[in-house]
Amino acid sequence: MSESPQLLVEDLHVRFRTPQRMVHAVRGVSFSVGREKVGIVGESGSGKSQTGRAILKLTPPNGTVSAKRLQFQELDIAGASEREMLKVRGSRISMIMQDPKYALDPVMRVGAQIAEAIPESPRTSAAEKRDKVMAMLEAVHIRNPARVHDLYPHEVSGGMGQRIMIAMMLMADPDLLIADEPTSALDVTVRMQVLAILDDLVTRRGLGLIFISHDLNLVATFCDRVLIMYAGRIVEECAAADLQNAKHPYTRGLLASLPRIGSRHQKLAVLNRDPAWLND
Amino acid sequence: MTDSTPENAMISVRDLRVSFGSGAGLVHAVDGVSFNVQPGETYGLVGESGCGKSTILRALCGLNPNWSGDVTIGGEAMTPVRTRSFYRRVQMVFQDPYGSLHPRHTVNTTLTEPLKIHGIGDADERITRVLVQVGLGPAFRYRYPHQLSGGQRQRLAIARALILEPQVLLLDEPTSALDVSVQAEILNLLVDLRERLGLTCILVSHDLAVVAHMCDRLGVMNAGKMLEELPVTALEDDSPTHPYTRQLLAASLGYDRRLASTAVEDIEG
């Protein structure tokens with residue numbers, strides 16, 4: 001990254017108050033994102049999704065976020081008001097949620113949902129909006145945009161739903177895209193198509209992508225850089241191509257526990273969690 | 001495939017068809033599928049969601065009586081409605097351990113139910129034994145599902161299937177809802193149980209690596225049809241010839257921009 005990063009996160013903490021105790025979900029995470037694909041990998045509960053949400057100030061109300069620095073371009077997110085965040089969310093930073101089944105409005109036609117994301121301007125006519133939506137549906141490789149435009153979310157497949165979500169998120173031309181497990185609900189072949197679309201967007205539009213996933217193989221082959229999270233901390237950061245040579249015992253353990261073609265009749269390595277990982 | 005003769009097969013499926021809906025909305029979810037599974041073998045079914053692989057399992061275990069074709073399990077021809085004794089021989093483990101366990105039933109209640117239904121007396125002994133078998137231990141007996149982690153829940157689901165000492169275990173994506181480190185534990189457990197109890201299994205998965213790890217032979221499905229059957233060694237030698245199988249194989253290795261462009265062209269059609 002020669003240019004200054006789009007996003008700078010320094011010492012981010014997310015805590016949740018529950019009736020029993022304080023849960024410290026993210027414990028001092030620091031990283032930066034330029035115009036590149038950064039993967040955040042970890043198991044469920046490692047704090048990877050909460051890190052993504054904190055960047056957009058979408059932490060649930062019982063959680064508190066604190067950070068030394070949370071800077072997006074010229075904007076200090078940590079100090080930004082809700083009113084300022086409304087101008088950022090969806091227009092400059094977008095988030096693609098995990099499951100299109102839950103993230104799309106079930107009683108609204110696909111086209112109308114995407115059109116909602118078009119930045120407000122008094123001069124855009126209905127016909128212009130429709131053209132924009134059509135163009136965007138085509139950009140995410142939907143074969144018959146006119147048909148899909150008038151469908152309800154339950155009438156489309158998972159892969160198409162995910163592409164509709166991407167189309168919606170791109171409507172406002174954001175600079176940073178946070179994708180939280182965008183392909184884990186998809187089949188392998190459809191996953192490749194969706195990833196190719198994201199990949200091209202990063203290359204062509206020069207946006208930054210934070211790719212949150214639990215799939216090590218996928219992140220290693222798709223992203224430029226990888227952050228490995230464990231129990232709310234980044235335990236290791238490396239170039240995606242070097243993930244196979246990761247040093248941290250947690251990362252190595254995760255890699256070893258993956259079944260592979262050719263591993264038949266062997267016992268898979270089981271991860272032994274070292275309490276020391278929580279503190280180093 | 002010389003080892004797939006129907007005569008001595010544990011499970012033999014001939015021309016299985018399952019359809020949903022009627023008229024213009026008629027969907028052939030399974031469209032004339034045939035395969036055999038030998039005793040003690042683990043057979044894999046792979047394919048995308050909606051290809052009919054789970055529908056086959058549901059037809060085999062009697063959850064969907066609306067099928068046609070010839071199905072023989074353990075030498076006995078299957079009718080749409082199953083007898084009670086059938087379920088002592090064939091059990092199923094479902095994909096999502098968060099959905100497949102009753103949230104207000106303790107481990108004990110969950111495991112007692114099949115014993116009650118089948119009128120089996122030594123419940124106490126069996127529950128303790130099966131809990132040890134799946135690596136949970138008797139300490140878990142009076143817990144509720146919400147007090148268990150995802151991996152522990154799936155162990156309980158496996159225990160529930162094993163408590164009747166079945167010969168056939170049908171596994172519908174048993175690890176796809178779990179983290180990779182937990183997946184490794186469950187796969188190891190299944191390999192271990194299969195060997196100790198001599199189970200015949202059908203494993204449905206969209207993950208070719210999981211199928212390659214667990215199975216001896218597999219069938220590749222797409223749009224309700226069996227595209228090809230091949231031994232897992234063919235995957236290891238990288239020798240499948242069917243383009244769809246090759247696509248699945250490539251996708252299982254991770255993201256590849258070059259391959260992805262052909263995939264994108266595919267959907268642009």
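Chain B contains ten helices and ten strands, where helices (H or I, at least four residues) and strands (E, at least two) are DSSP runs numbered from the N terminus. The radius of gyration of chain B, taken over C-alpha atoms, is 19 Å, close to the 18 Å given for 269 residues by the globule rule, so chain B is as compact as a globular protein of that length; the rule is 2.2 Å times the number of residues to the power 0.38. The model is predicted: local features need pLDDT of at least 70 and side-chain atom pairs count only at pLDDT 80 or more, while totals for chains, interfaces and linings use all residues. Residues are numbered from 1 along each chain as its sequence is written, and chains are lettered from A and ligands numbered from 1 in the order in which they are written.

The C-alpha trace of chain B spans about 60 × 40 × 40 Å along its principal axes. Of the 269 residues in chain B, 43% are buried (20 or more other C-beta atoms within 10 Å of the residue's own; exposed, 12 or fewer; partly exposed, in between; C-beta atoms placed from the backbone). Among contacts in chain B (C-beta atoms, placed from the backbone, within 7 Å) between residues at least 6 apart in sequence, 68% join residues at least 24 apart.

In helix H9 of chain B (residues 243–252), the residues B:Thr245, B:Leu248, B:Leu249, B:Ala251 and B:Ser252 are buried. Viewed down the axis of H9(B), these buried residues fall within an arc of 165 degrees and therefore line one face of the helix; the arc is that of the directions from the helix axis to the C-beta atoms. Their cover includes H8 of chain A, together with strands E3 (42–46), E9 (217–222) and E10 (225–231) and helices H7 (208–214) and H8 (232–236) of chain B. Just after H9(B), B:Gly254 adopts a positive phi of about 120 degrees.

The contact between the chains takes 35 residues from chain A and 34 residues from chain B. On the side of chain A that touches chain B, the elements giving two or more residues are helices H8 (188–205), H9 (216–222) and H10 (249–256) of chain A. H8(A) gives the most, with eight residues.

A positive phi, near 50 degrees, is found in the non-glycine residue B:Glu165, located in the loop between helix H5 (150–162) and strand E7 (168–172) of chain B. B:Glu165 is partly exposed, with 13 other C-beta atoms within 10 Å.

Technical notes
Contact = placed C-beta atoms within 7 Å.
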